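Could you walk me through this structure? I am new to it and would like a friendly guide.

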Amino acid sequence: MTTEHQDEAGSAKAEPTWNLRAVTWLSGTQFFMFGIAIGVMTVAWAEVIRSLDLSDGFFGTAHLLLPVVGLLTLLAAKRIYRYLDHRWIGIYGQLALIGLLVMLAVSDHFVGLLIAFILAGLGSALVDTATNSVFMEIQARGGREVMNMMYAINSGGTVISALGAGALISLGMNYRWVAVLFAVIMTPVLLASFVITYPPVNRDEPEGAPVGAEAEGDIGLIKLMRNPLFRVVFVMTVLGIAVESIVQVWSVIYVDQLLDAPIVYGGAAFALFSLTMMIGRMINAWLVAALGIRRSFLISAAGTALSGALLMAALDLWLSVFAFLLMGIAIAGVQPTCLSAAARVAPSRVNIVAAAMMVPAYAAFIATPTAYGWLSDATSLNTAMVLVVAAGVGVGVLALGRPIAEADRAAAPAESGDSTLTAQT
């Protein structure tokens, strides 16, 4: 009886066989398709407004559903992971994103648009959580940093789909058929998600866990916030996403209204910003490997603050476009590097860490563009760019703190064999 029970317990604890390379490819492709969906969605909004005869005010208010639903989903991630694993969370997320595109294709009423926003928020949060959790697991198992490259792949999907959807619409294809086309393109990756075996959601604690390490068992956002490293990268993520959200919402308006340039220049500025973010993330992967986490953050901070200062000056159209390019390269590495560092706080609970780290991202997308708008009303479009300068300075100051220095020392698993950062409370 005892031996039989022990055998059953051992088999229950046995980790399912999974292939690191297969999971890496699938999760990277899922993240690429996530970028595809976001790019198509962003391009289609102008056509949706025109087709459904919506006011800008109604659309702007309805758009808040996306980050709000995403934020609520992330706050419920701990509960969701009690019932679902990486595979099924990713599958439901992909279904929601494909459903978003289908709703854009078939909807003739504003209610359909509201459903599309809800699906976009749900799908974004679920795919973000599932893929980032797997990326953290891949880093822990494979011993190499992959987060920056995966985020570069995501940015590449956004650039490709935005340019592709824009070109198809400009050639006369109805945006509804464009949405259907990209939904079909995303389907094979969804089907592959049913086949590939994933790593387990929560691994058992390692036997040789560092003395003094905080027990990870029942972990949540409040418990994570007790860790100094997590608090620092949490705030850094807020600052990085704040800059991204300002550019996403206000860059075209900045170029169009402040510099009195044709709107095509504003669109080009945003497209180039997205492209340089992709390049910046690939560069940052090398920076982290060659120079360390702290120096990567300091370079990002300096570039972000400088680009914000150039946009505050608003001296010239091309100098402003250059500032957006610099900003894309500079800010690109902040979020993925923060996620990589955060994974060390609780390496066997990466699903909860990933969800917790995405909370500030969605919160910043809600708050920062609004704050920029109010500050712009009180001052001017270029003066409000002081928020970007402040974000860059904030990242730099936080990078000089002790938690980042300790993360740098712990970021060499090949030398130490330990990828767990001791929690300090």
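Here is a tour that starts with the whole chain and then visits some of its parts.

This is a predicted model, in which local features need pLDDT of at least 70, side-chain atom pairs count only at pLDDT 80 or more, and totals for chains, interfaces and linings use all residues. Residues are numbered from 1 along each chain as its sequence is written, and side-chain values use heavy atoms, with hydrogens and water left out.

Let us begin with the overall picture. The chain has 19 helices and zero strands; helices (H or I, at least four residues) and strands (E, at least two) are DSSP runs, numbered from the N terminus. Of its 425 residues, 53% count as buried, where buried means under 20% relative accessible area, exposed over 50%, and partly exposed in between (1.4 Å probe, protein chains only).

Now look at helix 2 (residues 20-52). With 33 residues at 1.5 Å a residue, helix 2 should span 48 Å, and its end C-alpha atoms are 46 Å apart, which agrees; the expected span is 1.5 Å times one less than the number of residues. Helix 2 also bends by about 40° at W45, the bend being the angle between axes fitted to the seven residues ending there and the seven starting there. Just after helix 2, D53 takes a positive phi of about 55°.

Next, find A305 in helix 13 (residues 293-313). With a relative accessible area of 17%, A305 is buried. Leaving aside neighbours within four places in sequence, A305 is in contact (heavy atoms within 4.5 Å) with V389, G392 and V393. The C-alpha atoms of A305 and G394 are separated by 9.4 Å, although these residues are 89 residues apart along the chain.

Finally, turn to the charged pairs. Side chains of opposite charge can pair when their charged atoms come close. A salt bridge here is a side-chain nitrogen of Lys or Arg within 4 Å of a carboxyl oxygen of Asp or Glu, and the count comes to four. In one of them, D108 pairs with R176, with the closest N and O atoms 2.9 Å apart. This pair links distant parts of the chain, as D108 sits in the loop between helix 6 (86-106) and helix 7 (110-142) and R176 in helix 9 (residues 175-193), 68 residues apart. D108 counts as exposed at 64% relative accessibility, whereas R176 counts as buried at 16%. Another salt bridge joins R402 and E406 (2.7 Å, N to O); both lie in helix 18 (residues 402-410), four residues apart, about one turn of the helix.
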